[in-house]
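Me: I would like to go through the terms used for this structure one by one, and to see each value set against its cut-off. Please begin with how the elements are assigned.

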Amino acid sequence: AKGGVHSGQRAAVVGAGTIGLLSGVAALSRGADAWVASRHDAQHRAGEALGLVADPAGHFDVVFEAAGTSSSVEQAVELCRPGGTIVLVASYWDGLTLPGLAVQMKETRVIPTFMYGYGATRREVDEAATLLAKRPEIADAIITHRFPLDEAAEAFRVAADRKAGAIKVVLEP
């Protein structure tokens with residue numbers, strides 16, 4: 001909602017973890033064509049299963065930065081068209097550095113977001129629940145591992161290993 005994505009636009013996502021993949025799905029649900037940049041095979045497969053095009057190239061109207069690293073922010077700026085929008089959906093635990101001159105030269109709009117916000121008409125979590133109800137295959141594409149509660153330590157170990165294929169790890173009672 002924050003990025004103003006609408007039908008006919010091109011949207012890209014940098015970072016194919018849970019937040020990035022779901023940002024791409026949200027762009028698709030609003031009628032945009034959506035690409036995702038992924039680093040790991042499991043993320044690539046999940047993106048394809050969700051209808052996202054791999055390996056964004058060219059310029060995009062809206063770019064979601066979902067990886068939270070300096071290099072991913074630079075990639076988002078490179079992908080954004082002049083006058084386009086970059087939506088910061090990642091968590092920036094170590095701060096955020098923007099490539100200032102590139103942002104200025106493109107006159108890029110940069111919009112920070114935080115989870116559980118409010119869209120134009122309702123809570124974003126309600127929009128997400130509605131989208132999940134319409135597309136239940138989203139959970140199958142994103143949830144890569146399930147563990148019982150008594151294996152929580154192993155679940156957290158697996159969740160930390162993106163190279164081994166973890167996207168969303170779920171603990172179940």
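Reply: Helices (H or I, at least four residues) and strands (E, at least two) are DSSP runs, numbered from the N terminus. Trp35 is found in strand β2. The model is a predicted one, in which local features need pLDDT of at least 70 and side-chain atom pairs count only at pLDDT 80 or more, while totals for chains, interfaces and linings use all residues. Residues are numbered from 1 along each chain as its sequence is written, and side-chain values use heavy atoms, with hydrogens and water left out.

Me: Why is Trp35 called buried?

Reply: Buried means under 20% relative accessible area, exposed over 50%, and partly exposed in between (1.4 Å probe, protein chains only). Trp35 has a relative accessibility of 16%, and therefore counts as buried. Contact means heavy atoms within 4.5 Å, and, leaving aside neighbours within four places in sequence, Trp35 is in contact with residues including Arg10, Val13, Val53, Pro56 and Phe60.

Me: What makes the rings of Trp35 and Phe60 an edge-to-face pair?

Reply: Rings of Phe, Tyr and Trp (its six-membered ring) pair if their centres lie within 6.5 Å, and planes under 30 degrees apart count as stacked, over 60 as edge-to-face and the rest as tilted. The structure holds one aromatic pair. The ring centres of Trp35 and Phe60 are 5.1 Å apart and their planes are at 70°, so the pair is edge-to-face. Because Trp35 lies in strand β2 and Phe60 in strand β4, the pair ties together parts that are 25 residues apart in sequence.

Me: How do you know whether Thr108 is buried or exposed?

Reply: Thr108 has a relative accessible area of 11%, and is therefore buried. Thr108 is placed in the loop between α4 (100-106) and β6 (109-112), where, not counting residues up to four places away in sequence, Thr108 touches Cys80, Gly84, Ile86 and Val103.

Me: Which residues have the most contacts inside the largest nonpolar core, and what makes a set of residues a nonpolar core?

Reply: A nonpolar core is a set of buried Ala, Val, Leu, Ile, Met, Phe, Trp, Tyr and Cys residues joined through side-chain atoms within 4.5 Å. The largest such core has 24 residues, and those with the most contacts inside it are Leu21, Ala27, Leu50 and Phe64. Among the elements that each supply at least two residues of this core are β1 (10-14), α1 (18-29) and β4 (60-65). Apart from it lies another core, of 15 residues, among them Ala76, Val77, Leu79 and Cys80.
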